[in-house]
Structures are given as structure tokens and as C-alpha cells.
Amino acid sequence: MMRNLKKNRKKGFTLVELIVVLVILAILAALLIPALTGYIDKAKEKQVIAETRQAVMAAQTLVDEKYANKDKGEDITVSATGDVKYTDIQTLGEVKGTISDVDVTEGVVTTLKYANKGKTCTYTSAPASGDEQYEIQ
């Protein structure tokens, strides 16, 4: 009789053991999710900065081309309809975001604002010192 009881017993986990494992997994998930979202935000910021750099390099290339053909002292305008168009910068820089507020001083791009995926990056440069800054908003 004792033999039959042992044979009929099925191996497996009890309900309490399963609940304990689920609680442990929930605690681990609660600890990891905020850390992962922080990494995702940092990655998005770095992506926007990289795309802003591409846009600045494209804008500077187009401004250089226009500057070479202008008379000394003539200003170059960068706008939706100016000497250098925002769409031309997007095409050359291979960026999909929105470009705005581009300023040019003596043939050098000094400011450019780029927005993509809810992040905005503003590039500023001081032509005399060569300092560049990328600020995320």
C-alpha cells in the first residue's frame, strides 16, 4: 500500500513557491525599469547631439559654398527660403528632424537648433575662440 502512494505523487512546485518566485521577479523588475529608462533617455540625447553635429556640418558646407560666391560683406541667410534652405541642410546631413534658428557670422555657422523625437539640441559656437556647445532641452 505504501508503494502505491509514492508512485501516484506527482512532482512539481507548490502554489506558495510559484508566488514567491513571482514576487522576486516583480521586485527585480521594479528595480531595473527605472535604470533602463535612464539609459534610454541618455541614448536618445546622444542621438540628437550626433544628428545636430551632422546638421551643423551640412549647414557649414552649404554656407561655405554660398560664401565663396558672395561679395565681401554680404550676409548669407539660412531659412526656409534663404540662400541656404533648411531642406538642403536636412538632405545633405541625412537628418530627419526639424532645423531652425540658424545664424551665420562671417561665413561661419554660429547657432543651429535641431529637434527630433521630442528632444531639442541647440548648437552654439564662438568663431573667435572656436568653442562649441551642444545643449539639450
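Reply: Begin with a definition. A pocket is an open set of grid points with protein on both sides within 12 Å along at least five of seven lines. Note also that this model is predicted.

Me: What volume does the largest pocket have?

Reply: About 150 Å³.

Me: Which residues line the largest pocket?

Reply: The lining holds Tyr 67, Asp 71, Lys 72, Gly 73, Glu 74, Asp 75 and Ile 76. Val 104, Thr 105, Glu 106 and Gly 107 belong to the lining too. By class, that gives 3 nonpolar, 3 polar and 5 charged residues.

Me: How many cavities of 30 Å³ or more does a search of the whole structure find?

Reply: The general idea comes first. A probe the size of a water molecule, rolled over the atoms, shows where empty space is left. In this structure the search finds 1 cavity of 30 Å³ or more. The volume of the largest cavity is about 40 Å³.

Me: What lines the largest cavity?

Reply: Lys 44, Gln 47, Val 48, Asn 116, Lys 117 and Lys 119. The class count is 1 nonpolar, 2 polar and 3 charged residues. Helix H2, residues 15-69, gives the most to this lining, with 3 residues.

Me: Let us stay with H2. Is Glu 45 buried, partly exposed or exposed?

Reply: Glu 45 sits in helix H2. Its relative accessible area is 29%, so Glu 45 is partly exposed. Leaving out residues up to four places away in sequence, Glu 45 touches Lys 119 and Ile 136.

Me: What separates the C-alpha atoms of Glu 45 and Val 23?

Reply: A distance of 34 Å, for 22 residues along the chain.

Me: Is Thr 52 buried or exposed?

Reply: Thr 52 is in helix H2 as well. The cut-off for buried is under 20% relative accessible area. Thr 52 has 0% relative accessibility, so Thr 52 counts as buried.

Me: Which residues is Thr 52 in contact with, leaving aside neighbours within four places in sequence?

Reply: Leu 112, Tyr 114, Cys 121, Tyr 123 and Tyr 134.

Me: Now H3. Which of its residues are buried?

Reply: General idea: an α-helix has 3.6 residues a turn, so residues three or four places apart point the same way. In H3 the buried residues are Tyr 86, Ile 89 and Gly 93. They lie on the same side of H3, because they cover an arc of only 60 degrees around the axis.

Me: What do the buried residues of H3 pack against?

Reply: They pack against H2, strand E1 (78-79), strand E2 (84-85) and E3.

Me: What follows H3?

Reply: Glu 94, with a positive phi near 55 degrees. Most residues other than glycine have a negative phi. Glu 94 has a positive value and is not a glycine. Its place is the loop between helix H3 (86-93) and strand E3 (98-105). Glu 94 counts as exposed, because its relative accessibility is 67%.

Me: What is the phi of Glu 106?

Reply: About 50 degrees, which is positive, although Glu 106 is not a glycine. Glu 106 lies in the loop between E3 and strand E4 (108-116). With a relative accessible area of 69%, Glu 106 is exposed. Glu 106 also belongs to the lining of the largest pocket.

Me: Where does Ser 100 lie, and which residues does it touch?

Reply: Ser 100 lies in strand E3. Not counting residues up to four places away in sequence, Ser 100 touches Tyr 86, Leu 112 and Lys 113. Tyr 86 is one of the buried residues of H3. Ser 100 itself is partly exposed, with a relative accessible area of 23%. The C-alpha atoms of Ser 100 and Ser 79 are 7.4 Å apart, across 21 residues of chain.

Me: Finally, strand E6. How many of its 6 residues are buried?

Reply: The count is 0, and strand E6 (residues 131-136) is hardly covered.

Me: In what sense do E5 and E6 pair?

Reply: Strand E5 (residues 119-126) and E6 pair in the antiparallel sense, over 6 bridges. Thr 122 has Glu 135 as its bridge partner in E6.

Terms used:
Residues are numbered from 1 along each chain as its sequence is written. This is a predicted model: local features need pLDDT of at least 70, side-chain atom pairs count only at pLDDT 80 or more; totals for chains, interfaces and linings use all residues. Side-chain values use heavy atoms; hydrogens and water are left out. On a 1 Å grid over the protein atoms alone, a cavity is a set of points where a 1.4 Å probe fits but cannot get out, and a pocket is an open set with protein on both sides within 12 Å along at least five of seven lines; lining residues have an atom within 4 Å of a point. Grid points are joined across faces, edges and corners, and a volume is the space filled by probe spheres set on the points. Helices (H or I, at least four residues) and strands (E, at least two) are DSSP runs, numbered from the N terminus. Ala, Val, Leu, Ile, Met, Phe, Trp, Tyr, Cys and Pro count as nonpolar, Asp, Glu, Lys and Arg as charged, and the others, Gly among them, as polar. Buried means under 20% relative accessible area, exposed over 50%, partly exposed in between (1.4 Å probe, protein chains only). The arc is that of the directions from the helix axis to the C-beta atoms. Contact means heavy atoms within 4.5 Å. Two strands pair if DSSP finds at least two bridges between them.
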